[in-house]
Amino acid sequence: MSFINKNLYRYIIIILSSLILIACTTTPPQTTSTSQSDVVDGVYVGTETIEMLAVNVPDRVFFAYDSYSLTSAAQNTLTKQAKWLKANGSVTIAIEGHADERGTREYNLALGDRRANAAKDFLMAQGISASRITTISFGKERPVNSASNNKAWSQNRRSVTVRTN
Amino acid sequence: MKKIIIYVFFALNFMTSLYAMVEIDITEGNREPLPIAITEFFNDESQILKDQKIPTKLQKVITDDLERSGLFSSVKKDAFIQKNRAMHIKPRFADWRLIQAQVLLTGELSIESDRLRVEFRLWDTFAEKEIEGLVLITTVENWRRISHMIADRIYQRLTGEEGYFDTRIAYVAEEGPKNKRVKKLAIMDQDGANHKFLTSGRELVLTPRFNPVRQEIAYLSYFKNLPRVYLLNIQTGIQEVVGDFPGMTFAPRFSPDGNKIIMSLARDGNSDIYVMDLVSRVVERLTDSPAIDTSPSYSPDGKKITFNSDRGGSQQIYVMDSNGRNQKRISKDSGNYATPVWSPRGDLIAFTKNYQGQYFIGVMRTDGSGERLLTENWYQEAPAWSSNGRVLVFYRETKSDAEGIGHSSSIWSIDLTGFNERKLTTPLDASDPSWSKLIQ
């Protein structure tokens, strides 16, 4: 049997993208970013697919493969969401947790639930009442990017905050 | 379910101790299929069948069942030398040996007070013996089931294992773009006939699982955006939610007696395994780790449960007693393991494995030893067993391109030996197969 080492390939991309980042610190910033460098350590850091809950309040955060920990960028986004929710006390929300297609269906349902709740817990820690937040996991059922590549998968590993009123 | 009457009418000629009878060793993979001549059943001309094609259709369904198993090859009809009705009483064995048929199937059918009467005999052409014979009586519309039952008898007689042709497959039919996929529950005979959609596609539905005892399916529905396990009565179409849980319930499976459902409940970001008694409605929690515990499946004696957990840092397969005690990991090799399903024979657990970016369907013994990978692909998962534990079905997906085009999903079957991989024909894309027991 011949194995195609996809993980190794992924790591190489990560290494390559970190090299680009290191390179960027010593050379003038590049004006064009490749799609590869939109994924850092498996987490999407670009701006495609993101919608706005309000001005300067992004609706979603991204996760690494099989992970539900919130990156500092994710915490930054959720802090903005919490501020906006505090300023708009009547708004209620649902947090949708999603996974990429590279995992079994039932496990991914559980993983999506973990991701939605990681975001919910962060908002609650910022003082948002649990009664304003519902969560739902879609597992791998609702990708935002239908392609089968690292960038699409990183965009699909997300939790999305949507208004329910 | 319409009743089918069966008469066993010949057991006199069994002399297995004296003759080396024809038989198939199914534990050995990649063996030469056994050549069998399946003749068209004779139809008394004085009796008019409404559907004149029934004898031919019967012959085709039996042939297709046996050939799909990979264990039989049917001798071409054109080669048949003996064509008269006498073959059903006394075949000219030399004629059949000449065209390499080791086994011969003959039969007659007639109408008896509006009911279809089918009689068949199976002959060993080398021992020159009848080795099986049966009369089946049923309504004419049931001719397909009669065909599957005959194929089951032949399979059983020649392999020593119960057949699996008179069975059905429930699955999720899929269509539309990946990001707006429409999914419906569907059911069909094991050979793809009698296909029927069971839900409309309005709600997202996933993972149908047959009740091993009743005409019932447990599945996950996103009805009103509240993902919960539901029960569907296949005959009445009535659906009901299972229990009243404060979060998503998913990954349902029945206990072997059909009276309990085990499933996961996700609450506050943690998924654990629960069991609910469908009669008393009593709910019991079986796992309480802070990790993901899901995809539970009972052993056929109901005493053990295998499940999937990432409590050790990666997705692995565990086994516990049915009361939740003695939880221990059984998967041993490197890679991630998921979707464990206990074999109906009790000795094996089928699983999905993700290793170095590829997906495998495999089996291991219930202590985790003897792992065997049956098939490797870009993406496949969710094995389900045939009722006799000899064949697995699972689903496989193809990769889409950078524009998101090219994705498809289909159900495949593979023999436990790793041979005879086949794609099942379905009207739409297909996933999440579940295979029924023999229909009662």
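## Terms and model

Two strands pair if DSSP finds at least two bridges between them. Helices (H or I, at least four residues) and strands (E, at least two) are DSSP runs, numbered from the N terminus.

This is a predicted model, in which local features need pLDDT of at least 70, side-chain atom pairs count only at pLDDT 80 or more, and totals for chains, interfaces and linings use all residues. Residues are numbered from 1 along each chain as its sequence is written, while chains are lettered from A and ligands numbered from 1 in the order in which they are written.

Strand S24 (residues 348–355) of chain B pairs with S25(B) in the antiparallel sense, over eight bridges. Asn354(B) stands opposite Tyr359(B) of S25(B). The hairpin of S24(B) and S25(B) has two residues between the strands. Gln356(B) takes a positive phi there, near 50 degrees.

S25(B) also pairs with strand S26 (residues 372–377) of chain B, again antiparallel, over five bridges. Gly362(B) faces Leu373(B) of S26(B) as its opposite residue. Six residues lie between S25(B) and S26(B) in their hairpin. In that turn, Gly368(B) has a positive phi of about 90 degrees.

A residue is buried if 20 or more other C-beta atoms lie within 10 Å of its own, exposed if 12 or fewer, and partly exposed in between, with C-beta atoms placed from the backbone. Seven of the eight residues of S25(B) (residues 358–365) are buried, so this strand is largely enclosed by the rest of the structure.

## Helix H2 of chain A

Helix H2(A) has 16 residues (72–87). The expected span is 1.5 Å times one less than the number of residues.

Ala74(A), Thr77(A), Leu78(A), Gln81(A) and Leu85(A) are buried in H2(A). Down the axis, the buried residues of H2(A) fall within an arc of 95 degrees (taken from the directions from the helix axis to the C-beta atoms), so they line one face of the helix. The face turned away from the buried side carries exposed Ser72(A), Asn76(A) and Ala87(A).

The buried residues of H2(A) pack against strands S3 (52–54), S4 (57–58), S5 (60–62) and S8 (158–163) and helix H3 (105–125) of chain A.

## Where chain A touches chain B

Residues are in contact if their C-beta atoms, placed from the backbone, lie within 7 Å. 28 residues of chain A are in contact with 38 residues of chain B. On the chain A side, helix H1 (6–26), H3 and strand S7 (133–139) each supply at least two residues. H3(A) gives the largest share, 10 residues.

Key
Two residues are in contact if their C-beta atoms, placed from the backbone, lie within 7 Å.
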